[in-house]
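Hi everyone, thanks for making time for this one. Please have the viewer open, and I'll walk you through a few spots.

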Amino acid sequence: MTLSDPRFLSLNQWLNAYLSDEVTPILISGDASFRRYFRITTPDATFIAADSPPQLVPIAPFIALSNAYAAVGLTVPKVIHADAAQGFMLMSDLGDTQLLSVLNVQNVADYYRQALDLLPQVASVVASQHLDSGLVQSLPLYDEAFVRRELHIFTEWLLGTHLNLSLDESELQMLSHSFDLLVDNALSQPSVGMHRDFHSRNLMLQAGELCVIDFQDAVVGPVTYDAVSLLRDCYIRWPQPLVADLMQYHYQQALALGFIPALTTMEQYQTWFDLMGLQRHIKAVGIFARLNYRDSKPAYMADIPLTLTYIVDIAMQYPELVPFAHWLTRRVLPAFTASQSLSEVKQ
């Protein structure tokens with residue numbers, strides 16, 4: 001941070017006024033939005049400060065959801081002090097150990113069961129209360145328009161902006177048909193409160209306890225969404241037998257708690273799970289490309305190959321999506337590989 005960063009200077013001034021102490025915020029991360037996080041060290045404790053430009057990422061939804069999640073027993077950052085007009089928050093410090101950083105084949109099943117055990121609490125949050133107004137507001141619905149908007153990110157940013165692919169009429173029809181299947185799958189599932197980005201980078205480990213972060217985009221949506229987000233993580237891939245066991249664990253959990261109808265078969269649940277994962281991964285590769293071009297965050301491009309591999313592998317298991325898988329293998333993967341090779345040459 002430098003003297004040419006007016007938001008940092010304002011944040012520093014705001015923190016010093018509240019803490020009555022001279023502190024120096026140290027940048028620890030900028031997430032996949034426009035928000036930045038800093039660690040603050042005082043003689044008595046450490047805190048996290050968030051800089052969230054109010055016109056881009058308002059903090060009111062985060063604060064309301066933080067309170068709602070805490071109320072159902074989830075460990076989340078506690079907002080100690082906030083200024084909505086400036087977009088600043090001072091929060092409790094949950095440490096810097098992401099779950100992803102400690103996972104291995106020996107411990108992942110135990111940690112992921114612990115994470116899945118948090119989902120009933122997440123599922124119970126379908127509204128939040130804004131403290132300034134007292135207004136209780138239902139979370140947004142993950143409806144058809146929402147799902148299609150996310151799928152369009154793939155078309156616009158990966159196929160268009162990054163790969164500059166021109167699709168003929170048969171390709172457009174195939175893509176439209178594939179997306180219709182994914183939309184229908186999402187809408188056919190029972191709905192629950194949904195974190196929407198529940199994975200190993202958004203779970204912190206503190207004193208052996210899993211803590212939940214980055215929940216400000218929570219919605220009400222498909223019951224399998226958060227489970228597949230965790231188990232088919234865009235940032236790491238686990239052996240299929242392990243994923244299958246954990247998927248079964250979530251299926252039994254959802255049955256026991258009444259989140260899915262009692263007559264729901266494992267086959268039906270797995271179809272929901274698989275196709276929900278496809279939709280999420282298609283959206284994710286589009287977002288990774290958008291982060292590169294729109295937000296100047298190129299590091300996420302490295303996560304595209306694994307995510308595309310997930311998409312092809314799962315799509316090949318469903319006859320109606322095999323044409324989509326073949327098209328990805330024939331057109332998109334080679335084009336992406338060529339784009340990466342060209343990028344390396346330019347560097």
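Let's start with Asn185, which sits in helix 6, the stretch covering residues 169-188. Keep in mind as we go that this is a predicted model. Is Asn185 buried or exposed? Its relative accessibility is 6%, and buried means under 20%, so Asn185 counts as buried. If we set aside neighbours within four places in sequence, Asn185 is in contact with Thr271, Trp272, Leu275 and Met276.

Now over to helix 9, residues 266-293, and its packing with helix 5, residues 144-162. The two axes are 7 Å apart, at an angle of about 50 degrees, and helix 5 and helix 9 are therefore oblique to each other. Their crossing is left-handed. On the helix 5 side, the contact includes Phe154, Trp157 and Leu158, while helix 9 brings in, among others, Ile282, Ile287 and Tyr293. Sorted by class, that contact has 11 nonpolar, four polar and three charged residues.

Next, the nonpolar cores. Which residues touch the most other members of the largest one? They are Phe154, Leu158 and Trp327, out of 101 residues in that core. Helix 9 supplies the largest share of this core, 12 residues. Zoom in on Trp327: beyond its neighbours within four places in sequence, Trp327 is in contact with Phe154, Leu159, Leu167, Glu171, Met174, Leu175 and Val332. There is also a second, separate core of 11 residues, with Phe8, Leu11, Ile40 and Phe88 among them.

That's my tour, and I'm happy to take questions.

Methods. Residues numbered from 1 in each chain as written. Predicted model: local features only at pLDDT ≥ 70, side-chain atom pairs only at ≥ 80, totals over all residues. Heavy atoms only, no water. Axes fitted to C-alpha atoms, helices over the stretch in contact; angles between N-to-C directions. Helix = DSSP H or I, 4+ residues; strand = E, 2+ residues; numbered from the N terminus. Parallel < 35°, antiparallel > 145°, perpendicular 65-115°, else oblique. Left-handed = near helix turned anticlockwise from the far one by under 90°. Contact = heavy atoms within 4.5 Å. Nonpolar A, V, L, I, M, F, W, Y, C, P; charged D, E, K, R; others polar. Core = buried A, V, L, I, M, F, W, Y, C linked by side-chain atoms within 4.5 Å. Buried < 20%, exposed > 50% of the residue type's maximum accessible area, 1.4 Å probe, protein only.
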